[in-house]
Amino acid sequence: MKIHRLETFCNRYVGFLRVTDEAGNAGWGQFSTYHSDITATVFHRQVAPYALGRDTDELEQLVALIPEKEHKFPGSYLQRAIGGLDTAIWDLRGRVAGVPVAVLLGGTAGPIRAYASSMRRDISPEQEAERFSRLRDEHGFDAFKFRVANECGHDVDVYPGRSEAMAPTIRKALGPDVSLLADGNSGLSPARAIELGRQLQDNGVEHFEEPCPYWELEQTRQVTEALDLDVTGGEQDCEFVVWKEIIGRRIVNVAQPDILYLGGICRTLQVCKMAEQAGMPITPHAANLGLVTLFTMHLLRAIPNAGKYLEFSIEDAGFYPWQYGVLRNDPYRIDGGMARVSDAPGWGFEVDPEWLARSEYAVSEVAA
């Protein structure tokens with residue numbers, strides 16, 4: 001069926017796209033969070049004109065065509081806009097077929113191990129350990145990620161000694177059986193990352209994310225080669241030319257594409273295939289409870305090289321107020337440390353009508 005109407009509903013932080021075909025079938029997707037209103041403008045000017053009138057079965061061709069047509073505008077905003085189109089059409093396909101997107105991708109509904117992902121650096125090691133202990137007892141998490149260094153921090157910590165104290169403090173509080181992960185957010189030089197990384201691995205940390213400035217691939221490769229734990233990364237990277245370098249040169253041990261930064265499911269599947277051929281697991285970036293986490297759940301239930309766990313943000317409305325009051329249903333319940341892809345068709349979410357009524361609305365459609 002041909003795409004007839006493309007409607008966006010946005011605020012500064014969150015943006016949804018509804019696609020409607022000529023038969024009246026509809027599907028919902030989401031742009032990446034943050035500056036979603038700008039992404040919606042990019043969408044209507046630089047993506048919608050190529051999509052209207054095209055068949056929904058042509059999605060894979062469209063996500064290849066649009067970057068070529070807009071070749072003077074590579075990068076994040078264009079891919080974030082394409083990601084909204086991609087995820088909306090996958091939802092439409094699932095609703096029409098009556099199955100979850102995971103099934104369309106070759107997988108099944110069901111559980112996925114989740115790790116409790118902290119976004120905070122304004123928290124002491126002792127406070128983080130207490131929070132993780134509570135989440136373990138309440139929800140059954142057995143894997144936890146904490147923050148080290150400072151975001152793009154040039155080796156300057158939040159305060160002296162914080163990064164070194166995180167792993168031993170949390171390991172002592174939680175014991176030897178839980179999985180620990182650390183995220184550097186581009187904060188360290190190679191020498192400092194290797195020094196801290198050795199201390200992390202001595203405390204049983206198994207995943208060291210984005211230790212060096214992500215755009216400096218050679219710096220990250222030095223850290224990967226020096227350490228025994230998994231060095232991971234790729235969340236910021238939205239162009240295939242960079243992904244070919246990351247995977248082909250083994251810049252990291254584990255690839256972490258973000259479905260909505262990268263441009264949707266179709267483009268993410270291409271990165272997953274590249275990684276599979278290289279024997280590299282995929283642990284996607286999904287750092288908030290916008291829909292990127294739900295999309296990632298479906299992906300991980302389908303790809304053969306899925307990593308050990310799903311990233312699951314543990315931050316409340318005090319930290320991320322914009323991610324609450326958006327959906328009518330809750331696809332994010334954690335039971336026994338597991339998230340679950342439901343049997344609902346498509347992505348299995350419903351946007352709250354009151355949120356939609358407060359949003360900025362725009363539409364592109366086929367002329368009558």
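1. The largest share of the lining of the largest pocket, 5 residues, is supplied by α6. Helices (H or I, at least four residues) and strands (E, at least two) are DSSP runs numbered from the N terminus. A pocket is an open set of points on a 1 Å grid over the protein atoms alone, where a 1.4 Å probe fits, with protein on both sides within 12 Å along at least five of seven lines; lining residues have an atom within 4 Å of a point.

2. This is a predicted model, in which local features need pLDDT of at least 70 and side-chain atom pairs count only at pLDDT 80 or more, while totals for chains, interfaces and linings use all residues. Residues are numbered from 1 along each chain as its sequence is written, and side-chain values use heavy atoms, with hydrogens and water left out.

3. The largest pocket holds about 560 Å³ of space, a volume being the space filled by probe spheres set on the grid points. Of its 29 lining residues, Leu-289, Phe-312, Ser-313, Tyr-324 and Tyr-332 are the closest to its centre.

4. The second largest pocket has a volume of about 420 Å³. Its 20 lining residues include Arg-147, Glu-151, Asn-185, Glu-235 and His-285, the closest to its centre.

5. An open antiparallel sheet has 4 strands in the order β3-β2-β1-β12, where two strands pair if DSSP finds at least two bridges between them. β3 (26-30) and β12 (360-365) are the edge strands, each with a single partner, so one side of each has no neighbour in the sheet.

6. Strands β1 (residues 3-10) and β2 (residues 15-21) are joined by 7 bridges; Glu-7 has Arg-18 in β2 as its bridge partner.
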